[in-house]
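Me: Please take a close look at one part of this model, the place where helices cross near the end of the list of helices, and then connect it to the rest. I would like the packing described first, and single residues after that.

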Amino acid sequence: MQATQPTYFSQYGSLKLTRDVQGVLVVEFHSNGRPLTFTAQDHTEFVDAFYRISQDRANHIVILTGTGGAFIPGIDFPSFGNVADPAVWSQVHDEGVQILENLANIRVPVIAAVEGPAHVHSEYALLANVIVAGEGATFDDLPHFAGGIVPGDGIFTTWSYRAGAGRAEAFLLNPKPITAQTAYEWGVVAEIVPNGKALARARELGWWRRGYVSTAFGCPYSGAVDPAKVVEVALSLLDLGVDEVCFGDTIGVGVPPDVRALTRLAVDAGIPLERIAYHFHDTRGTALANVAAALSEGVRCFDSSTGGTGGCPYAPGAAGNLATDDLIYMLDGLGIDTGVSLAAVSEASRFIASKIDHRLPSRHAQAEEAQRKLEV
Ligand SMILES: [Zn+2]
């Protein structure tokens, strides 16, 4: 979707902002492409930057990270002027508070990917929902104590919040870098990864969402469903930021021509094939035929359930979902590599069958059961 970059992306000298099609915004702190030396100008600009980031609804996940193996390693103290001058301090203090408020006000998940030193403004990382750290990451608070400033503002609040007041005081008043391992033991860091892997891991954690359009082929209450309406709902789900839409034949009334028509209508409306999935119920025995129809249109993602278990609480008489065993049997036969082992699924089906008081709907499971009886 959002391929064009908003203007604020290029407005901040020390922030590199990039966003992928799924809305994952990566914010990299840097000074001319090298690890950031934090300046007074950054202090001013970050207020606005985090405000704009929080405002932009196209940002679905925000990842904060550094550059060149360092989160924020240094500070240009003289650039701030005389912080003992009340007028100077008032501005520094106001900006400091606003940066934190605007960061905290980002209304989507924020992940911090910390490599190397986070020695200046580590509270930016601590305000993230999840902190992933490279094993060589270190946390410290250079500016306050060493600069003659009491670390009583945001950095104290965030460290107290994450690690407890006692640890925060000890850490901030006797500044000595703590290791990623210590930060992990304190509950500040959620995960430690090998050096250089924090950003990749943060991207992995940037979760992926699928939205469902249920009763896409027919509704137990209103009858036939107009495919144009289904596509309209799918488009609004994508606008809300889902990564994939899944059309559900909740009551199992769809037939292959319906599947082909809906798929084409969706593609014509601009939904890429790789963002379309299907969820078929085998209520009237058409699930596998519908999969074949969707496959022929280029769809590659299908829901199914082991043994064909399931049903639907709001669709009276709904049969189970398409059985994974049957689906994999057919896809194996078509030479499509799914990475799913039919033998393993069958074993899971047998286990489920042994725990319930009725036969599983899966034809493959039934055939296997018959085969086993023959062999006994
Ligand atoms: Zn269903």
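Reply:

**Helix α14 and its partners**

In this predicted model, helix α12 (residues 324-333) and helix α14 (residues 363-375) have axes that come within 6 Å and cross at roughly 90°. An angle from 65 to 115 degrees counts as roughly perpendicular, so α12 is roughly perpendicular to α14. On the α12 side the contact is made by Asp325, Asp326 and Tyr329, and on the α14 side by Arg363, His364 and Ala365. By class, these residues of the contact of α12 with α14 are 2 nonpolar, 1 polar and 3 charged.

Helix α14 also packs with helix α13 (residues 342-355), at an angle of about 80° and with the axes 10 Å apart. That angle makes α13 roughly perpendicular to α14. Ser346, Ser349 and Ala353 of α13 meet His364, Ala365 and Glu368 of α14. The contact of α13 with α14 divides into 2 nonpolar, 3 polar and 1 charged residues. His364 and Ala365 are named in the contact with α12 and again in the contact with α13.

Helix α1 (residues 40-55) and helix α2 (residues 86-104) pack at about 20°, with their axes 8 Å apart. Angles under 35 degrees count as roughly parallel, and therefore α1 is roughly parallel to α2. The crossing of α1 past α2 is left-handed. From α1, the residues in this contact are His43, Thr44, Phe46, Val47, Phe50, Tyr51 and Ser54. They meet Val92, Glu95, Gln98, Ile99, Asn102 and Leu103 of α2. The classes in the contact of α1 with α2 are 7 nonpolar, 5 polar and 1 charged.

Helix α2 also holds Val97. Val97 is partly exposed, because 13 other C-beta atoms lie within 10 Å.

**Nonpolar cores**

In soluble globular proteins, nonpolar side chains tend to be buried together. Here the largest nonpolar core has 60 residues. Ile63, Val114, Ala125 and Ala133 have the most contacts inside that core. Beyond four places in sequence, Ala133 touches Val114, Ala180, Ala183, Val189, Ile192 and Ala198. A second, separate core has 28 residues, including Phe217, Leu237, Ala323 and Leu327. Leu327 of this second core falls within the residue range of α12, 324-333.

The loop between β2 (24-29) and β3 (37-38) contains Arg34. Arg34 is exposed, because 11 other C-beta atoms lie within 10 Å. Apart from neighbours within four places in sequence, Arg34 is in contact with Thr67 and Gly68. Arg34 and Arg52 are 18 residues apart in sequence, and their C-alpha atoms are 24 Å apart in space.

Asn32 is also placed in the loop between β2 and β3. Asn32 counts as exposed, because it has 9 C-beta neighbours inside 10 Å. Most residues other than glycine have a negative phi. Asn32 is not a glycine, yet it has a positive phi of about 50°.

Thr215 is another residue other than glycine with a positive phi, near 45°. Thr215 is found in the loop between β12 (210-213) and β13 (218-219).

Gln22 lies in the loop between β1 (15-19) and β2. With 19 C-beta neighbours inside 10 Å, Gln22 counts as partly exposed, because a residue is buried at 20 or more. Leaving out residues up to four places away in sequence, Gln22 touches His60 and Asp243. Gln22 and Ala58 are 36 residues apart in sequence and 8.9 Å apart in space, C-alpha to C-alpha.

Methods:
Residues are numbered from 1 along each chain as its sequence is written. This is a predicted model: local features need pLDDT of at least 70, side-chain atom pairs count only at pLDDT 80 or more; totals for chains, interfaces and linings use all residues. Axes are lines fitted to C-alpha atoms, for helices over the stretch in contact, and angles run from 0 to 180 degrees between N-to-C directions. Helices (H or I, at least four residues) and strands (E, at least two) are DSSP runs, numbered from the N terminus. Angles under 35 degrees count as roughly parallel, over 145 as roughly antiparallel, 65 to 115 as roughly perpendicular and the rest as oblique. A crossing is left-handed if the near helix is turned anticlockwise from the far one by less than a right angle, and right-handed if clockwise. Two residues are in contact if their C-beta atoms, placed from the backbone, lie within 7 Å. Ala, Val, Leu, Ile, Met, Phe, Trp, Tyr, Cys and Pro count as nonpolar, Asp, Glu, Lys and Arg as charged, and the others, Gly among them, as polar. A nonpolar core is a set of buried Ala, Val, Leu, Ile, Met, Phe, Trp, Tyr and Cys residues joined through C-beta atoms within 7 Å. A residue is buried if 20 or more other C-beta atoms lie within 10 Å of its own, exposed if 12 or fewer, and partly exposed in between; C-beta atoms are placed from the backbone.
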